[in-house]
Amino acid sequence: MTSKLGLKHIQAIAPYIGGRPISEVAREYGLDEGKIVKLASNENPLGMPQSAKDAMLKAASDLGRYPDSNGFELKNVLAARLGVPTDWITLGNGSNDILELAARVVAQTGDEVIFSKHAFAVYPLATQAVGAKAIEVAATAMYGHDLPAMLAAVKASGDKAKLVFVANPNNPTGSYLTAKEIEAFLLAVPSDVLVVLDEAYNEYLTPEQRYDAIAWVKRFPNMILSRSFSKAYGLAGLRIGYGVAQPALTDLLNRIRQPFNVNSLAQAAAIAAFQDTEFLQQGFELNRAGYEQLTQAFDELHLAYLPSAGNFVLVQVGEDDQAGARINLALLKRGIIVRPVGNYGLPQWLRISIGLPEENAAFIDALKDILAQK
């Protein structure tokens with residue numbers, strides 16, 4: 001029986017489904033958890049840095065008290081590095097929290113939110129949650145953001161467009177936008193339209209790809225920069241991210257965020273991880289080596305893949321629309337968890353998170369075996 005409770009735009013939302021947990025796959029296929037390789041959720045294969053573990057354990061002695069709702073110490077560490085005042089920073093329960101807060105701040109029923117096809121699945125979910133209309137703009141030939149087309153969509157909407165999500169690098173395609181492209185877009189977007197630059201994978205950019213996004217926040221009062229501690233910093237299980245924007249926007253975000261949205265352990269771990277430059281560099285180098293390991297194998301297997309600026313690679317595993325699901329199932333039965341992306345309109349592809357060398361090798365061996373049996 002269908003419940004009559006709930007607003008129609010909420011009932012229409014298809015809940016976000018994350019990468020399958022190791023324990024679930026072990027139960028379903030009768031596998032040993034210790035032998036399962038998970039390359040599905042773009043997690044850091046190094047796990048949490050020891051510095052963050054130590055800080056978290058120290059903070060655990062005071063868990064009978066509420067966390068600092070304002071995140072004073074963490075904001076000060078972030079502000080010092082980023083070169084902005086602390087009141088430009090909003091802490092979130094993962095950067096996902098920042099994305100949803102942004103939608104709630106500016107959009108409601110009758111408004112439009114614009115994003116690219118093949119972009120992060122949370123963008124349409126955040127849009128639907130506030131009752132706004134999602135405008136999905138066709139991607140480029142290489143499955144990346146077509147910023148001129150997105151700008152045209154903003155202008156075509158009249159005064160209905162309230163928010164644009166731009167991911168760089170983009171998940172799940174790994175596509176990358178240059179600083180010149182982003183800056184030109186920011187200059188052209190009307191000042192009453194909010195632009196969220198989602199940089200969850202920013203730390204994986206090469207030195208040649210990097211740019212000063214904080215300088216744009218200082219220039220554009222209609223911009224929010226969103227970043228995460230889940231990927232490069234290894235804190236996915238603690239759920240912590242942050243947004244950077246001018247005070248008028250952060251004031252609005254803080255009016256609607258939950259008062260204790262970031263717990264004490266997450267704040268302590270983030271302070272330590274953000275300052276652990278050695279761990280960050282180790283992860284960056286491991287990621288570049290893993291990218292070469294995976295793409296070399298794909299070349300040998302004559303499989304198409306997309307150049308990626310993140311910690312994952314999107315690879316085409318067949319020509320038919322069941323290919324991704326079919327190969328994914330075969331990998332699961334061998335204890336390899338990857339990410340099918342049919343829900344992103346890419347049913348022939350799989351997204352492979354870059355893991356440790358031995359994890360990448362286990363995936364490659366399993367994929368070779370599966371493809372050889374076709």
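Predicted model: local features only at pLDDT ≥ 70, side-chain atom pairs only at ≥ 80, totals over all residues.
Q: Which residue does the UniProt annotation "modified residue: N6-(pyridoxal phosphate)lysine" cover?
A: UniProt positions are given in the numbering used here, feature names are shortened, and annotations may be inferred rather than shown by experiment. This annotation comes from an unreviewed entry, and the residue it covers is Lys231.

Q: Is Lys231 buried or exposed?
A: Lys231 sits in the loop between β7 (223-228) and β8 (241-244); strands (E, at least two residues) and helices (H or I, at least four) are DSSP runs, numbered from the N terminus. Buried means under 20% relative accessible area, exposed over 50%, and partly exposed in between, with a 1.4 Å probe and protein chains only. The relative accessibility of Lys231 is 16%, so Lys231 counts as buried.

Q: Which residues does Lys231 touch, not counting those up to four places away in sequence?
A: Contact here means heavy atoms within 4.5 Å. With residues up to four places away in sequence not counted, Lys231 touches Ser41, Asn42, Asn44, Ala200, Tyr201 and Tyr204.

Q: What is the phi of Asn42?
A: Asn42, one of the residues touched by Lys231, is in the loop between β1 (37-38) and α3 (50-59). Asn42 is buried because its relative accessibility is 1%. Most residues other than glycine have a negative phi. Asn42 is not a glycine, yet its phi is positive, at about 55°.

Q: Is Arg239 buried or partly exposed?
A: Arg239 also has a positive phi of about 55° without being a glycine. Its place is in the loop between β7 and β8. With a relative accessible area of 31%, Arg239 is partly exposed.

Q: Which backbone oxygen lies 3.2 Å from a polar atom of the side chain of Asn287?
A: Asn287 is in helix α12 (residues 277-300) and is buried, with a relative accessible area of 3%. Leaving aside neighbours within four places in sequence, Asn287 is in contact with Tyr204, Gly310, Asn311 and Ile354. The backbone oxygen 3.2 Å from a polar atom of its side chain belongs to Gly310.

Q: Which residues of α11 make the contact with α4?
A: Helix α4 (residues 72-82) and helix α11 (residues 264-274) pack at an angle of about 25°, with axes 9 Å apart. That makes the two helices, α4 and α11, roughly parallel. From α4 the contact is made by Glu73, Leu74, Val77, Leu78 and Arg81, and from α11 by Gln267, Ala270, Ile271 and Phe274.

Q: Which residue is joined to Pro172 by a cis peptide bond?
A: Most peptide bonds are trans. In the loop between β5 (161-167) and α8 (179-188) lies Pro169, and a cis peptide bond with omega of about -5° joins Pro169 to Asn168. Pro172 is found in the loop between β5 and α8 too, and its cis bond, with omega of about 20°, is to Asn171.

Q: How many Å separate the C-alpha atoms of Arg255 and Glu359?
A: Arg255 lies in helix α10 (residues 247-256) and is exposed, with a relative accessible area of 62%. Arg255 and Glu359 are 104 residues apart along the chain, and their C-alpha atoms are separated by 44 Å.

Note on methods:
Residues numbered from 1 in each chain as written. Heavy atoms only, no water. Polar contact = N/O pair within 3.5 Å; in protein donor to acceptor, adjacent residues only side chain to side chain. Axes fitted to C-alpha atoms, helices over the stretch in contact; angles between N-to-C directions. Parallel < 35°, antiparallel > 145°, perpendicular 65-115°, else oblique.
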